Amino acid sequence: MNYEITFNVRSRECTQIGNLNTDLIVTLPIAIVIPEDSVCEMSVVSAEIPLSFYNISADLINNVFSYYVSGNPTLQNITIPDGNYTVDTLMLEINFQQAHFTLTYDETFNRFFVTLISPAFDLILLYDVNNFNNQIFGVNQNQLIISSGFITGVVNLASVHSLQIRTSLNTGSTISTSNPNSNVCQKIPLEVNPYGIIIHTFNNYIQKSYIKSGSIKTFSLQITEQNNKLINLLGCVYELSFLFKIIKVESHITEEQKLFRKERLNQKLPPEVSPPPEVPPLSEVSQPPEVSPEVPPPITLDDIA
């Protein structure tokens, strides 16, 4: 028999791991037992998560602007305080913290323009695909700027593209380009501005994961951004609803398949045909009595007369 249970998870009622409340241990009030002839279908059917995290922060590893300046072999690092930045506030912060160059923003091209301040006459920007710091400024390749020039790439302050709900229950129903056996059980796009509420409902696309056996009592829960870095909600409480469905394996068979199987079982065998009588060997068959041929009587002269 199929049945389903919905569990509402509140972050403040779970066990927090580490410093962030987006890394939790969830303990259910009752255990969900999965019978041997069934599977458990798990899905996140609703979520209410405050968009309280910053677009530039140490947690996202994108709060440092690094460069080399002429005549100095030491890498220069500008640490940006965690916060929600616009192009203008970010530009003011960078200009305030150093005296080697000035940033200005060109809205037409969505790029920063660099003007060096004497005695600096060149600036070297380094690109690393695994380093998210300089990428928000548009640094998408190693670049030497002499006197002045545009940074080659566009400014991208949308550092978080989506939220990834991850659990230890997921059994590889989701894969990604970086992980063939991902533990992501639901991807939630960001459709609100900072300080709003990210809403996920059953009307959105629902991912489903299947657990084949055992019982469910506790599991780990994480909320990350697209690069698997934990989101810092700054202590704000959030809620998630998990739907667990126990489904008998047979129920995965379509009605058409069930009907076909039933017809095959109910098919009548063809009528039984009696075998032909056994023919005895030729030697045992009785032969008719041998008949002597009749000899006609002799013809005499009297018969001729």
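**Close-up 1. Lys248 and Asp37 form a salt bridge in this predicted model.** A salt bridge is a side-chain nitrogen of Lys or Arg within 4 Å of a carboxyl oxygen of Asp or Glu. The closest N and O atoms of Lys248 and Asp37 are 3.4 Å apart. This pair links distant parts of the chain, with Lys248 in strand β17 and Asp37 in the loop between β3 (23–34) and β4 (38–50), 211 residues apart. Strands (E, at least two residues) are DSSP runs, numbered from the N terminus. Lys248 is partly exposed at 31% relative accessibility, and Asp37 is partly exposed at 38%. Buried means under 20% relative accessible area, exposed over 50%, and partly exposed in between (1.4 Å probe, protein chains only).

Residues are numbered from 1 along each chain as its sequence is written. In this predicted model, local features need pLDDT of at least 70, side-chain atom pairs count only at pLDDT 80 or more, and totals for chains, interfaces and linings use all residues, while side-chain values use heavy atoms, leaving out hydrogens and water.

**Close-up 2. Glu239 and Arg10 meet in a salt bridge.** The N to O distance is 3.8 Å. Glu239 lies in strand β17 (residues 239–248) and Arg10 in strand β1 (residues 3–10), so the pair ties together parts that are 229 residues apart in sequence. Glu239 is partly exposed at 23% relative accessible area, as is Arg10 at 32%.

**Close-up 3. Glu41 forms a salt bridge with Lys208.** Their closest N and O atoms are 4.0 Å apart. Glu41 sits in strand β4 and Lys208 in the loop between β14 and β15 (209–211), 167 residues apart. Glu41 is buried, with a relative accessible area of 7%, whereas Lys208 is partly exposed at 43%. Elsewhere, salt bridges that share partners join Arg10, Glu13 and Glu239 into one network. The whole structure holds five salt bridges.

**Close-up 4. Strands β7 and β8 form a hairpin.** Six bridges join β7 (residues 101–106) to β8 (residues 111–116), and the two run antiparallel. Strands pair if DSSP finds at least two bridges between them. Phe101 stands opposite Leu116 in β8. Four residues lie between the strands, and Asn110 takes a positive phi near 55 degrees.
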